[in-house]
Amino acid sequence: MWQRVLDNWKKYKVHVIFGGNRSTKSTFASRLMVDLLHRIPAAELRGFHVNTERSRDDMQRFVWEALPASLKEMEPKKGINYSLLYSQKNGFSDAKLIIPPAADAVDRGSTMFFNNYKQYLMDAQMVEGMKAHCIWGDEEMPARLFETLMARLTDYRGRLVLTFTTLQGWTDLVSSILQNAETLETRYSEYMDMELPVMQKSKQWANCAIYYFWSEDNIFIPHDELFESYRGQPLETKLARLYGIPSKSFHSRFPKFNPEINVIPHDEIPFIKNPKRDVTLFQSVDPAGGKNWTSIWVGVTSDNCVYVYREWPDSTYGDWALPHMNAAGRSVGKPGPAQRNLGYGYRDYAGLFFELEDGEDIFERIIDPRMGRSTIKAQEGDTDIINEMRKAGVYFRPAPGLQIDHGLQRINELLAWDDTSHKNHTNRPKLYISDRCMNLIQCLKEYTGESKDEASKDFVDCLRYAAVTPVEYIGGRKFISTGGGSY
């Protein structure tokens, strides 16, 4: 896992390492910093930790331990152009390490400055004007600091390294890094009995690679004891603590939604993999005026598992919602490019749906009950969206007009299962989503339900209408007369 980062060091500007507990992420980063101090003449490096104490006790200790013995034993410890003063009690003198110049032609030693996030939160101006060949952030840094540090690397074409365990799940920083990330490499975990990512590429941040350091790859710890410690813990805890994979949403209303479980390859959906598999198909639509409508297509199999196999607008139109915090500090997101109104009319939407379905037998179409029945003024008199779509050949029925919280609870029921045990035929969620439905997936991660203006609300509404209808498997036998009589 160390070699994977080194192999991609020149290719990417930002290297985010999500690691399990005791997965050597900090050991690796500290040795990398020391290597850069030696390789780059008069290097300027920066290290950020949570606060002064954590910087001293963790980051500075790791860097000191990574220094070669020739420097740690050097006397005197301080000169005109170097400073190697370090103590367990105080860390490096003045929170600064300077190693002697590597060449006679250079009169400045390579320097590593130790800062912390608390300093930044108290005075954001501290990073302005800063420049560095490499910046290392240990533990999760404030999202705004992450954005700011990008510009601090420009002078030297520098690198940013971020190492932490994603215990809080999809926070604002993690979401911005991982939203619709492209998985480049996976690996099978025998302990989890599933394929897990080991390297991804961020979509939101250019030149940003994401790595997952697994605890079991650290050969110096007893893995059986570590695994036993988390044996009865929920899936999200195991993924974060042992593999560095964030799965729970920090804000979302769907705590059981887990991309590693609920998102499946499109070709693995049962009725996609086997077109002869019996299935009942539904469409759910959330219409809008000033932006595009949203729609999902759902298939329900005979075991009443619900598969979302298509969305519109899909990711080819861009993201539906982007991570964003409002002035009150709430993660409400902001509209993405997919919301930009294409100017479609009723017949345009009807034609679009038929084209996407390509002859599919849609059993029922469901629509927002409020918008679907809202009165619209027309030349021939009052009408509504349901009637206008009927004229275009698309027949909708309004979803039950139940409270939003009830609909969200129905989604959570579809996601519910005992994730402290292994998934099997009897212990599994009922809701699965195609990996092509990237906008729905992201909205499920982000949706908080705290504001009616939330950017991720629309796709969640589509799923909510399907859940409260509810969509069910309708086999052919349900339409067969089974006896009885009359007179």
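To compare two helices, we use axes, which are lines fitted to C-alpha atoms, for helices over the stretch in contact, with angles that run from 0 to 180 degrees between N-to-C directions. Helices (H or I, at least four residues) and strands (E, at least two) are DSSP runs, numbered from the N terminus. The model is a predicted one, in which local features need pLDDT of at least 70 and side-chain atom pairs count only at pLDDT 80 or more, while totals for chains, interfaces and linings use all residues. Residues are numbered from 1 along each chain as its sequence is written, and side-chain values use heavy atoms, with hydrogens and water left out.

Begin with helix H2 (residues 25–39) and helix H3 (residues 52–66), whose axes come within 8 Å and cross at roughly 60 degrees. Angles under 35 degrees count as roughly parallel, over 145 as roughly antiparallel, 65 to 115 as roughly perpendicular and the rest as oblique, and H2 and H3 are therefore oblique to each other. Their contact (heavy atoms within 4.5 Å) is made by Ser-26, Thr-27, Ser-30, Arg-31 and Val-34 of H2 together with Phe-62, Val-63 and Ala-66 of H3.

A second pair is H16 and helix H17 (residues 457–468), whose axes come within 8 Å and cross at roughly 95 degrees, so that H16 and H17 are roughly perpendicular to each other. Here Asn-439, Leu-440, Cys-443 and Leu-444 of H16 meet Phe-459, Val-460 and Leu-463 of H17.

Now turn to the spaces. On a 1 Å grid over the protein atoms alone, a cavity is a set of points where a 1.4 Å probe fits but cannot get out, whereas a pocket is an open set with protein on both sides within 12 Å along at least five of seven lines, and lining residues have an atom within 4 Å of a point. Grid points are joined across faces, edges and corners, and a volume is the space filled by probe spheres set on the points.

The largest pocket has a volume of about 1300 Å³, and of the 44 residues that line this pocket, Glu-195, Pro-259, Glu-260, Ile-261 and Val-263 are the closest to its centre. The largest share of its lining, five residues, comes from S12, and helix H16 (438–446) is among the elements that each supply at least two.

Two cavities of 30 Å³ or more are counted. The largest cavity has a volume of about 70 Å³, and among its eleven lining residues Leu-235, Pro-255, Lys-256, Asn-258 and Asp-419 lie nearest its centre.
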